[in-house]
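Please look at the structure shown here before reading on.

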Amino acid sequence: MVVVANYNQRAVNNHTSFLSADGPLAGRLDGFEVRPQQIEMASAVASALADKATLLVEAGTGVGKSLGYLIPAVERATRFSETIVICTNTIALQEQLIEKDIPLLQSVYPQSFKACLVKGRGNYVSIRRLQLATERQRGVVRNEADRIVLQQLEDWAIETTDGSRSSLPVRPPHHIWEAVQSDKGNCMGSRCPNYDSCFYQTARRGMEGANILICNHALFFSDLALKVSGKGFLPDYHHVILDEAHTIEEVVSSHFGLSISESTVHHLLRSLWSGSSKHGLLGSIKGSSTDRAVEEAISMVELCKTAANDFFHRLWEHRQNAKEDRVRAPIEGADALPTRMRELTALLTQIKGGAESEADQFEIAAFLQRAEGVAETASALLAQSTPGCVYWIDSKRGDSIDPPIGKDELFPDEAPTRRGGHPPVSMHAAVVDVAPVLREHLFSRHRGCILTSATLSLGAGDFAHTASRLGCDEPRTLQLGSPFDFRRQLRLIIDTGMPDKAGDRMNAMAAQRIIRHVRETDGGAFVLFTSYTMLNAVAGLCAEAFANDERPMIVHGQDGERSAMLTAFRSDPRSVLFGTSSFWQGIDVRGDGLRNVIITRLPFEVPDRPLVQARGELITELKQNPFLVDSLPRAVIRFKQGVGRLIRSREDMGRVVVLDPRIVTHRYGQAFLAALPEGVEAEMDGLPEVEESIDW
């Protein structure tokens, strides 16, 4: 213990020195400022790593939490030759760490250290598969546009240094990338002629000897789920730092669950054989001994398509009859799909054994694994055989924009219809309570676990909700306020004249208020919603006014992906962006570009969402109140995230407008007010004059 204590003191001295006004970072960073909160965070992280303890750190905006954990992580890794995984939820933060923060530390740190960005295998192009796709275009290319894209991929593969999809100048169609990406099922390993130059294998070798591994939450928890069954792809590590930790529960819940979608199954079958275009893998297999098996497999693919249509139509009918998304008991009579897929895997196994080329054998092996996966997943979902899960059916369009926050949050109402007259269907299972999973497989493994975010607590020192939901038993906690002057920088306006019940009247009045507040700041506004239903209605009511103002209006679900929407918003300071769930968090617009955040409703989860229902039932069984124990804390944390979009630097100024009077008319509103930054006082705004005549 003396050694640890001495190390802790040395670490504190190092952090203080590094982050002091005359330290090495001060000379490298323009506008460097000493932040006592950052030094305090670095010391707490160092102590937790030394003691292999779990630490929850809420670091307010402006603390500089990435350096607050990187400096002690590098100190620990270099001094004790340990490996530390740092994972984030967003690509933007990963890029900041690997392109900015880590190179900065490498330039000033006295000991050398190696950091590596870890990506999933599917992010890399396979040189061998790209060559195979080029040679056998009949199995991949559907039209001239596909042919051009394949040629562009070849040119890029010659020039790229990392072979990662993120470095592609353009995004190829899904079926093209799927045909050329690195895939475990058809990897030849050291027998591959391109093994030494393989981008994925090069990246794997890059992890060897790395002190710091950077990855995203999805990859980390996928690895954690695989390690449960004795697999996994991350190397052994000694500690883990989870940034943006407020998103962990949702990620874990899905990664330890199951899902199957109509679009995914039909894409797999079309990739094997498309009867209309006569394209697919089965049409390119060579080997006289496989001819009959290939013919039988093509026929079986068609039978599988019929079985898939029937399977998803039965799911649709089950949902319609139940009048809810949730599936509360095993579904009978829909097992034709898993049966047919198992018959298909038997034929693919036969074809694999008789294929002439080794490359064909590996390609077939990959499809065989995927077909087996469909059969196993479909069976498990129908039988509800995965314990601790809630099951539900989605019948909305297949290109989801956001995490499943609520029944009408995932997709706009005008979802396209499909075969059988219904929208695309999918079925899911998610873990209801992730605490036992994380307690067993993460927090009890005798390693340092640091969880940090700007929103982990409900108020002064109250981390109980986060600790309970994640299974952190008696963690260390640290709450650090922001160095920003919120009293001066942030104006909070609460509209007490709004109705508190959703409907046409609320939408019309919200539109009036939004138009007024956006005009008062001349744009630069985020308008945050909790459902697509209200978003679409209010956006429609505001469209004419903003068109008359010649003000760009960017609408979530209508104007492209989130990154494209943010680019458009940043390009014009008069813009207004209407967004739902994903725009409440992980967005960083600094300076005058964002000066107005309008919160239309307090962000309670939709109560009939299956996962919300199941959590409530579990809490009720424990004789606790689901609203007070779960719904309210989650809404408060999401509210803090929404408010946190506005002030991102010392120079930022602006207003947060809350159009939901429940924050002052209901007793639980005090929980939201208590979560506001220190020094912020609310202004009450009564019913304003109507500036626009809107019929409702």
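How many bridges join strand β2 to strand β5? There are 4 bridges between β2 (residues 84-88) and β5 (residues 239-242), and the two strands run parallel.

## Basis of the description

This is a predicted model, in which local features need pLDDT of at least 70, side-chain atom pairs count only at pLDDT 80 or more, and totals for chains, interfaces and linings use all residues. Residues are numbered from 1 along each chain as its sequence is written, and side-chain values use heavy atoms, with hydrogens and water left out.

Helices (H or I, at least four residues) and strands (E, at least two) are DSSP runs, numbered from the N terminus. Two strands pair if DSSP finds at least two bridges between them. Axes are lines fitted to C-alpha atoms, for helices over the stretch in contact, and angles run from 0 to 180 degrees between N-to-C directions. Contact means heavy atoms within 4.5 Å.

## The sheet with β2 and β5

Strands β2 and β5 belong to an open sheet of 7 strands with parallel pairing, in the order β3-β4-β2-β5-β10-β1-β11. At its edges are β3 (115-117) and β11 (476-480), each of which pairs on one side only. From one strand to the next, the twist averages 15 degrees.

Helix α15 (residues 435-443) lies across β1 (54-59), β5 and β10 (448-453), and its direction is at about 130 degrees to β10.

## The sheet with β13 and β15

Another open sheet has 7 strands in the order β14-β15-β13-β16-β17-β12-β18, again with parallel pairing. Its edge strands, β14 (553-555) and β18 (682-685), each pair on one side only. Within this sheet, β13 (residues 525-528) and β15 (residues 576-579) pair over 4 bridges. Val 527 has Phe 578 in β15 as its bridge partner.

Helix α18 (residues 504-520) lies across several strands, including β12 (490-495) and β16 (596-599), and runs at about 170 degrees to β16. Helix α19 (residues 532-548) packs on the sheet as well, touching β14 and β15, at about 165 degrees to the direction of β15.

## Two residues with positive phi

His 446, in the loop between α15 and β10, has a positive phi of about 55 degrees although it is not a glycine. Is His 446 buried or exposed? His 446 counts as exposed because its relative accessibility is 62%, where buried means under 20% relative accessible area, exposed over 50% and partly exposed in between (1.4 Å probe, protein chains only).

Asp 522 lies in the loop between α18 and β13. Asp 522 is not a glycine either, yet has a positive phi of about 50 degrees. With 33% relative accessibility, Asp 522 counts as partly exposed.
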